[in-house]
Amino acid sequence: MTDPAPVLDVSDLHVSYGDLAILRGVTFSVGRGEGVVLLGANGSGKSTLMRAINGLAPAASGQVSLDGVPIIGARRAPLRKARRRMGYVFQQFNLVPQLSAFQNVLFGVMGQRPLGILNCLNSVARGEDRERALDCLDRVGLADRAQHRPTELSGGQQQRVAIARMLMQQPSLVVADEPIASLDPKAGREVLDLLWRIVDDEGLSMLCTLHQLDLAQEYGDRVIGLKAGKVLIDADTDSIDPARLDALYEGASRPEDATGAKTAAA
Ligand SMILES: Nc1ncnc2c1ncn2[C@@H]1O[C@H](COP(=O)(O)OP(=O)(O)OP(=O)(O)O)[C@@H](O)[C@H]1O
């Protein structure tokens, strides 16, 4: 039997910047083992939502919970603990340039070890962490590049190191924010294949923003479509009419275009 409790639960979330309401009552969830694609036009609020999930956007009301633990309004210690269970994969890879691929992967457990960033040093890292970091690099096909710095790797290889770092972290939820936006179509597809395979193999849950409708339909179990700060689509990928996806990008797709986006404070 599948676990009915969602990993991520976003409930009636409102986020404003100044007098402009960006997220206007966003509600959706990500189930255990589910790979959900978040779609929406430029400026529709996707990054704001990703930041809110991490407790970094100014939520006016509503709630975000990870494994049932509230994020919005959480105190520092529980928030830090919840963040450790979210594994981020970013558009710009966000590797530490001074560290090797191997050390960047060790970085994935930094927050879980008492010595913090020093755990990236081979002499300090635990033997079991070093072994696991190598195994994670092997899983993304880069064991032979362990000692290379990010500048010595292609964009696709850097993103694979970032995926190995996420794997090292053993997160509950993978948050992938336009993970292929900086890659050419071939490298992008290779990275998506790898990311989805690892998420599936590990039974992880993922929320992944993409700008390509064809890839969203090919890879996602479910699609959440954001338009002007509201959820317009929340449906299994197989059941979505392509015309509904096109509608995400037509007309008033950004909060500032929508009526009611000015808050009461205006
Ligand atoms: N820190 C901020 N301060 C003020 N306004 C912001 C801030 N961050 C985002 N916004 C505004 O919020 C709206 C939504 O931006 P957001 O970055 O969430 O959209 P997006 O869907 O991620 O766009 P893209 O696909 O281009 O990355 C935009 O109008 C943007 O200008």
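Let's start with strand 3 and strand 9 (residues 222-227), which pair in the parallel sense over four bridges. When I say strand, I mean a DSSP run of E with at least two residues, and a helix is a run of H or I with at least four residues, each numbered from the N terminus. Two strands count as paired if DSSP finds at least two bridges between them. Before I go on, this is a predicted model: local features need pLDDT of at least 70, side-chain atom pairs count only at pLDDT 80 or more, and totals for chains, interfaces and linings use all residues. Residues are numbered from 1 along each chain as its sequence is written.

Back to our strand. L39 stands opposite G225 in strand 9, while the bridge partner of L38 in strand 9 is I224. Strand 3 also runs parallel to strand 8 (residues 205-209), again joined by four bridges, and there L38 stands opposite T209.

How much of strand 3 (residues 35-39) is buried? Five of its five residues are, where buried means 20 or more other C-beta atoms within 10 Å of a residue's own, exposed means 12 or fewer, and partly exposed is in between, with C-beta atoms placed from the backbone. G35, V37 and L39 point one way, V36 and L38 the other way.

Six strands make an open, mixed sheet in the order 6-7-8-3-9-10. Its edges are strand 6 (86-90) and strand 10 (230-236), each pairing on one side only. From one strand to the next, the twist averages 15°. Helix 5 lies across strand 6 and strand 7 (173-177), at about 175° to strand 6; axes here are lines fitted to C-alpha atoms, for helices over the stretch in contact, and angles run from 0 to 180 degrees between N-to-C directions.

Helix 5 brings us to the core. The largest nonpolar core has 73 residues, and V105 and A164 have the most contacts inside it. The largest share, seven residues, comes from helix 5 (residues 155-169). By core I mean buried Ala, Val, Leu, Ile, Met, Phe, Trp, Tyr and Cys residues joined through C-beta atoms within 7 Å. Setting aside neighbours within four places in sequence, V105 is in contact with residues including A133, L137, V161 and A164; contact means C-beta atoms, placed from the backbone, within 7 Å.

D144, in the loop between helix 4 (127-139) and helix 5, counts as exposed because it has 10.

There is a second open sheet to see, with four strands in the order 2-1-4-5 and antiparallel pairing. Strand 2 (20-30) and strand 5 (69-70) are its edges. Helix 1 packs on this sheet, touching strand 1 (8-17), strand 2 and strand 4, with its direction at about 65° to that of strand 2.

Finally, the ligand. It is surrounded by 13 residues, and the closest are Y17, N42, K46, S47 and T48; a residue is near if its C-beta atom, placed from the backbone, lies within 6 Å. Helix 1 (residues 46-53) gives the most to this shell, three residues.

Methods: Contact = placed C-beta atoms within 7 Å.
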